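Please view the sequence and the structure before reading on.

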Amino acid sequence: MSFPCYPEHKESGFERLGLVPIDWDLHSLKRSVEGCVNGIWGEEADGENDLAVIRVADFQRSKLRIGTKKLTYRSITDKEKEARKLRVGDLLIEKSGGGDKTLVGCVVLFEHDFGAVSSNFVARMRPLPNFDSNFLCYAFDSLYKGRVNYPSIKQTTGIQNLDSESYLQERFCFPSLTEQTQIAHFLDHETAKIDTLIHEQKRLIELLKEKRQAVISHAVTKGLNPDVPMKDSGVEWLGDVPAHWQISKLSHYANLLTGFPFPSSSFSQDDSDVRLLRGANVGVSILKWEDTVYWDLNKDDSLSKYEMSEDQIVIGMDRPWIGGGLRIARVTKKDMPCLLLQRVAAITATEFLDDNYLFNILQSAAFKTYVEPDLTGVSIPHLSPEQILGFTVPIPPTQEQILIFNHINEQIERNGDLLDQAKVSTRLLEERRAALISAAVTGKIDVRSWQPPVDVSAFDEEMHQAGMKVTA
């Protein structure tokens, strides 16, 4: 869909804004809001002075709104809430938090009528008269996506802190209140349609992942021949298995090596040294090297058995599951050389167990069901070497193990293309959404004459089926 442009423009004086409509104002963000009122954490809920305290965890970043499913209630005195109580139309800005891949400074809109204040990591910005709160929310989102807040961020021991006073000095372009409201209505409608498509693509991705797990779990527990005689395995998570399969402890078919306790005080930051394979580097099916430490390896170190080989199976023993998957991966040629550090285990199959088949067993959802209840530790669940070697696994004949792996690999490759396409589509839709917001709030498109379609029944039905709320 294409939109007309404004007939006349002027130079904004800022590269990030470029040309703006001639009758739009240019001034600092500070002139659009009352400023930042810092939040409060309060005391334990007492049943008398309790209010919802909006945390960063309640931010629905994709929708620029507040989620209400897991609200936290705290005791806030009348004096404390007097200047902080939220009302419909307030903007909330994240002042502390963020992470390596997420900048602090996200802004969301508060649209609820229940009593609430913001937490101590969140500040309230109340729009001034002649400013539409929804338009401002989109404007702040455009600035956030463009990293305009980055120069105002200060880092302290891993936590980002936003200098809101500095950030609000940034300049932006503002149309009249009537036009702000029109732009906000336009974006509500158009982003809702894009959000529906993004929702569908993400659902497709989840279904493809579920299918991948189903293929793996069925193949490694039931085999490939639906007509083969079955027997009771005696193991709850396995159920019936082909009658000719063996059921055994992993210790009978594999060896385990736990990592060496390299002292952290001697870690190297020199990337010409050998990488240390830590638990932080073990993801789901892949090794990650964003956070890497090294070891200055000498010939006299006697650490050869901790040097990983290509295709070696490694498992993270602390917090073994993330995002629903086991932190297990295989060492590739590009991961080498690397040395195994403690809290990571390397599993090597014997001649009667194909390592590809073993890797698929350890990735299966059925296997997770078996292992998860036996994790030890409270604050940091972990697997012990004894637990790993005590795993009960199905052992088909070696040649059948290879056939099962080949079948799984073919199915995964077939679904992999669809998965990649869905991920690309999601990314492009998200980029389209961000670009549309930026174009509308900076006057690159003229939506003054835009009207929502008269017949929205088909769109409403599409939104309903996708499980999303109609916002326009």
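## The crossing of α4 and α5

Helices (H or I, at least four residues) and strands (E, at least two) are DSSP runs, numbered from the N terminus. Helix α4 covers residues 177–222 and α5 covers residues 355–363; their axes come within 9 Å and cross at roughly 120°. Axes are lines fitted to C-alpha atoms, for helices over the stretch in contact, with angles from 0 to 180 degrees between N-to-C directions. The two helices are therefore oblique to each other; angles under 35 degrees count as roughly parallel, over 145 as roughly antiparallel, 65 to 115 as roughly perpendicular and the rest as oblique.

The model is a predicted one, in which local features need pLDDT of at least 70 and side-chain atom pairs count only at pLDDT 80 or more, while totals for chains, interfaces and linings use all residues. Residues are numbered from 1 along each chain as its sequence is written, and side-chain values use heavy atoms, with hydrogens and water left out.

On the α4 side, Arg212, Gln213, Ile216 and Val220 meet Tyr357, Asn360, Ile361 and Gln363 of α5, contact being defined as heavy atoms within 4.5 Å. By class, this contact has 4 nonpolar, 3 polar and 1 charged residues. Here Ala, Val, Leu, Ile, Met, Phe, Trp, Tyr, Cys and Pro count as nonpolar, Asp, Glu, Lys and Arg as charged, and the others, Gly among them, as polar.

## Helix α8 and its two partners

Helix α8 (residues 398–441) also packs with α5, at an angle of about 60° and with the axes 8 Å apart. That angle makes α5 oblique to α8, and the crossing of these two helices is left-handed. In this contact, Asn356, Tyr357 and Asn360 of α5 meet Gln401, Ile404, Phe405 and Ile408 of α8. The residues divide into 4 nonpolar, 3 polar and no charged.

The axes of α4 and α8 come within 9 Å and cross at roughly 170°. These two helices are therefore roughly antiparallel to each other. Their contact has 24 nonpolar, 7 polar and 9 charged residues.

An open sheet of 4 strands has the order β20-β28-β23-β26, and its pairing is antiparallel; two strands pair if DSSP finds at least two bridges between them. The edges are taken by β20 (254–258) and β26 (328–330), each with a single partner strand, so one side of each has no neighbour in the sheet. Neighbouring strands are turned by 25° against each other on average, direction ignored.

Strand β20 is joined to β28 (residues 344–349) by 5 bridges, and Asn255 stands opposite Thr348 in β28. Helix α5 lies across β23 (313–316), β26 and β28, and runs at about 155° to β26.

## A sheet of three strands

A further open sheet has 3 strands in the order β8-β5-β12, with mixed pairing. Its edges are β8 (72–75) and β12 (116–118); each has a single partner strand, so one side of each is left without a neighbour in the sheet. Neighbouring strands here are turned by 45° against each other on average, direction ignored. The antiparallel strands β5 (residues 50–54) and β8 are joined by 4 bridges, and Ala52 stands opposite Tyr73 in β8.

## Salt bridges

The whole structure contains 19 salt bridges, each being a side-chain nitrogen of Lys or Arg within 4 Å of a carboxyl oxygen of Asp or Glu. One of them is formed by Lys30 with Glu165, whose closest N and O atoms are 2.7 Å apart. The pair links distant parts of the chain, 135 residues apart: Lys30 lies in the loop between β3 (25–28) and β4 (33–38), and Glu165 lies in helix α3 (residues 164–167).

## Backbone details

Most residues other than glycine have a negative phi, and most peptide bonds are trans. Leu64 has a positive phi of about 60° although it is not a glycine; Leu64 is found in the loop between β6 (59–60) and β7 (65–66). The peptide bond from Met336 to Pro337 is cis, with omega near -5°, and Pro337 is placed in the loop between β26 and β27 (338–340).

Key
Left-handed = near helix turned anticlockwise from the far one by under 90°.
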